[in-house]
Structures are given as structure tokens and as C-alpha cells.
Amino acid sequence: MTNFLMLAVVFFVFIAAVMRWAGSPIAWSVEIAQLLFVWLIFLGANRSLRENRHIGVDFFVKKLPNNLRNIIDIIIYLLILAFLLFISRFGILLSIENSVRQISSLTISYAYISASVPVGCFIMSITTIGKIREKILALGTVS
């Protein structure tokens, strides 16, 4: 899904640039690209979280025993979960506030853009809970 969204963003920005160069700018193309890009950010962040591809400094943590490393990971995932829930709350309020606002050249609500925040945070919360569960189960198996 994220690959498709990235291709769509590139396509719409390219079309907008070509049409502007040709003297017939298309305003809606950039706004669709903006909408897709915001969703791409949150879905891509979830994909990175799921695949353990976020940047991390683990030089010292890798030298710790497995149980201690898993405990530290659980604490970090709990902090991430708390942050995601905090941001979700404000994302919901932002989406409600933006429900009356329209994207300038389109007749759709700006809430479709701002809804990416609570939806993306909710999806990442599910992923984070799964990561916490994995680490708790790993605590029971490592001696």
C-alpha cells in the first residue's frame, strides 16, 4: 500500500509540474498529492515499526543480557504507546475541527487529511501492542 501511495504522490506532483510548465496549472493535483502524502507518512511509519526499521541506537543495549534487553524494549514500547494515544486524542479533535473546512480547489473535507493522524496512530498502537506481547512472551522463554 505504501509503495502505491508513493507512486501516486510522485505521479500527481509530476503531472502538476508538467501542466504548470505547459501554462495550464492544475491546483487539485498538488492537493491530492498532499492528502496522499500525509497518509503515506503514517502508513509508512507503521510499516517501519512492524519491520523494526526505525532508527535506533542499540550499541549498549545489545551488550545486555536478553531478559534485561527485553525489559528495556517493553518500557520503550510502552512509552511509544503512551505517545501514540496522546497524539491520537489531539488528532481526533483536529479531525472534528477540520470537518467543516474544505480543501481549497476540491469539494472534499480537510478532515480526510487530518484523519490520518488518529487512524495512523491507532494502527501503530496495534502494532506496538503486538511488539509488547512478543517481548513479554520472550521474557518467559529466555533463561
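I began with burial: 32% of the 143 residues in the protein chain are buried (under 20% relative accessible area with a 1.4 Å probe, protein chains only). I am working on a predicted model, where local features need pLDDT of at least 70, side-chain atom pairs count only at pLDDT 80 or more, and totals for chains, interfaces and linings use all residues. Residues are numbered from 1 along each chain as its sequence is written, and side-chain values use heavy atoms, leaving out hydrogens and water.

**Overall form.** I counted five helices and zero strands in the protein chain (DSSP runs numbered from the N terminus: H or I of at least four residues for helices, E of at least two for strands). The radius of gyration of the protein chain is 20 Å, well over the 15 Å from the globule rule for 143 residues, so the chain is more spread out than a compact globule (taken over C-alpha atoms; the rule is 2.2 Å times the number of residues to the power 0.38). I also noted that the C-alpha trace spans about 70 × 30 × 20 Å along its principal axes.

**H2.** I checked the length of H2: its 24 residues should span 34 Å at 1.5 Å a residue, and the end C-alpha atoms lie 35 Å apart, which agrees (expected span is 1.5 Å times one less than the number of residues). Its buried residues include Leu35, Leu36, Phe42 and Leu49. They pack against helix H1 (2–21), H3, H4 and H5 (contact means heavy atoms within 4.5 Å). Just after H2, I found asparagine 52 with a positive phi of about 55°.

**H3.** H3 has 32 residues and reaches 46 Å from its first C-alpha to its last, close to the 46 Å expected. Among its buried residues are Asp73, Tyr77, Leu81 and Ser95. I listed H2, helix H4 (111–114) and H5 among what covers the buried residues of H3.

**Largest pocket.** I looked up its volume, about 640 Å³. A pocket here is an open set of points on a 1 Å grid over the protein atoms alone, where a 1.4 Å probe fits, with protein on both sides within 12 Å along at least five of seven lines; lining residues have an atom within 4 Å of a point. The volume is the space filled by probe spheres set on the points, which are joined across faces, edges and corners. Of the 22 lining residues, His54, Ile55, Gly56, Ile76 and Tyr77 lie nearest the centre. Helix H2 (27–50), helix H3 (66–97) and helix H5 (116–141) are the elements giving two or more residues to this lining. H3 supplies the largest share, seven residues.

Note on methods:
Buried means under 20% relative accessible area, exposed over 50%, partly exposed in between (1.4 Å probe, protein chains only).
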